Amino acid sequence: MRARTLAIALAATGLSLPLAAPAAASEPTEPPPLTSDFNGDGYADLAVGVPSGTVEGKARAGYVSVVFGGEYGLGPHGVRRITQATVEVPGTPEAGDRFGGAVTTAYVNGDRYADLVIGAPGEDVDTKKDAGSVTVLYGTGDGFATANTAARGAKTGDAYGNALAAADFTGDKKTDLAIGGKDQVVYNTAPGAAKTGTVMTDRMGGRAPVMSTGDFDGNGIAEVAVAVEIKEESYIRSHVLLYRYDRDGDFDGDFGLTWSSANSAAKALATGDFNGDGHDDLALGNCREIADENIDDPCGPEELAKGGGIHIHYGDGDGLVWKGQTLNQDTAGVPGAAEQGDDFGNALVAADFDGDGTDDLIAGAPGEAVGSTTGAGSVTVLRGGPKGILDAAGAARATTYHQNSPGILGVAQKDDAFGTALTVGDHDGEGRPDLSVGAPGEDASTGGVWDLPNGAPGGSVINPNTLGLPASSDPTAYGAVLGR
């Protein structure tokens, strides 16, 4: 399964010395088959960030819940709660750290164990309040080994770690990190140390950037896709932007802008090969134009923005094609109807569930009403094909699931927000990806995560109660942040 990195648009996603990662025996000759197998047992694991959790009496200190995969999927094979009080983790829990505000996985030190990357955008660094930090926790046979700091904010309010993505940006076959902060994205090419450089800066109105990675220009090296939205009284702008590491001296900075979609506001990004042509494509979730004077329709036809529209830019080997495909819940083949507040596409992830060589696109609609139950939420699996997500007639092949669907555990309730966060991994070892769906509003905001085998009904539900998380932890918003 091809590894894809997506930063979810939620209220959550520089590097300063390199992290001294534990030495690896050798660099793998092929990409690891599982992007989140922290203990190397052949099953993908799941990391759930809970930045609102209370730790040792410190409100919003935050924690990460790692649920290990196994023969029976997620749930029966153990869980580990990681905080800044965990012996391997640098720092101490403090109120407002929001440890777990963003989570991703990466193979940082080149061994067969996945490593866990955790953002704490509210971390104070010396006297710099809310400077933010990023921690890398190294996987090993018993779960995790040592940890190091990959980034520390340089000044008050930097909020490093409010978004995360990982890929090889420099072409040296080693993992690099892209790290969101207030009005900036920075990077670390040596995540064994806290040394950062700048990818981009822009006004973001206090919002975390939305990020994904992919080889969009066909040169064999990943780029960083960033979506920003700025709404201030005298300043309204949004963009989807691609940045490439400057290996050849083409740009003034370390990264250069190679493509942009001006005035397109996207709440989520996902990278996948949706038409099976071997080139990475970029999906923009809950995409809409926010400047009336723009005539290029950056999110496709405006009528398809109702309730949340998805616009897909297809890659052709040289870059992203401007004119792509646009759909919403009024598109033929998509179940349901487009209604204001559905937030269709507010979360996105890509995976090839049916093994046909084309990635499928999964879209969360956390505001979707199920019958008369408002805000219950849903997820829609949109099948890829030779023409992409839509066929030659402009129709989709799609299936929608919610908590009242046959085979889905639970009952749809008001403001469950099922579909707020999405991720994929082969948690049961059957050789096909499974879909994890976060519902942070479940059970009066206790929250939960549904694991759907092969993106279909069945599987398990995990939540703070079933996992036996200690009473000292505040479970609010469990399922709002899922690692990738």
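Author: By class, 3 nonpolar, 6 polar and 2 charged residues line the second largest cavity. Here Ala, Val, Leu, Ile, Met, Phe, Trp, Tyr, Cys and Pro count as nonpolar, Asp, Glu, Lys and Arg as charged, and the others, Gly among them, as polar. The model is predicted: local features need pLDDT of at least 70, side-chain atom pairs count only at pLDDT 80 or more, and totals for chains, interfaces and linings use all residues. Residues are numbered from 1 along each chain as its sequence is written, and side-chain values use heavy atoms, with hydrogens and water left out.

Reader: Which elements give two or more residues to the lining of the second largest cavity?

Author: A cavity is a set of points, on a 1 Å grid over the protein atoms alone, where a 1.4 Å probe fits but cannot get out; lining residues have an atom within 4 Å of a point. The lining includes Leu-46, Ala-47, Thr-423 and Val-424. Strands are DSSP runs (E, at least two residues; helices are H or I, at least four), numbered from the N terminus. The elements are strand E1 (46–50) and strand E25 (421–425).

Reader: Is Ala-444 buried or exposed?

Author: Ala-444 is found in helix H1 (residues 442–445) and has a positive phi of about 55° although it is not a glycine. Buried means under 20% relative accessible area, exposed over 50%, partly exposed in between (1.4 Å probe, protein chains only). With a relative accessible area of 76%, Ala-444 is exposed.

Reader: What is the relative accessible area of Asp-343?

Author: Asp-343 lies in the loop between strand E20 (325–327) and strand E21 (347–351), and its phi is positive, near 60°. Asp-343 is partly exposed, and its relative accessible area is 28%.

Note on methods:
On a 1 Å grid over the protein atoms alone, a cavity is a set of points where a 1.4 Å probe fits but cannot get out, and a pocket is an open set with protein on both sides within 12 Å along at least five of seven lines; lining residues have an atom within 4 Å of a point.
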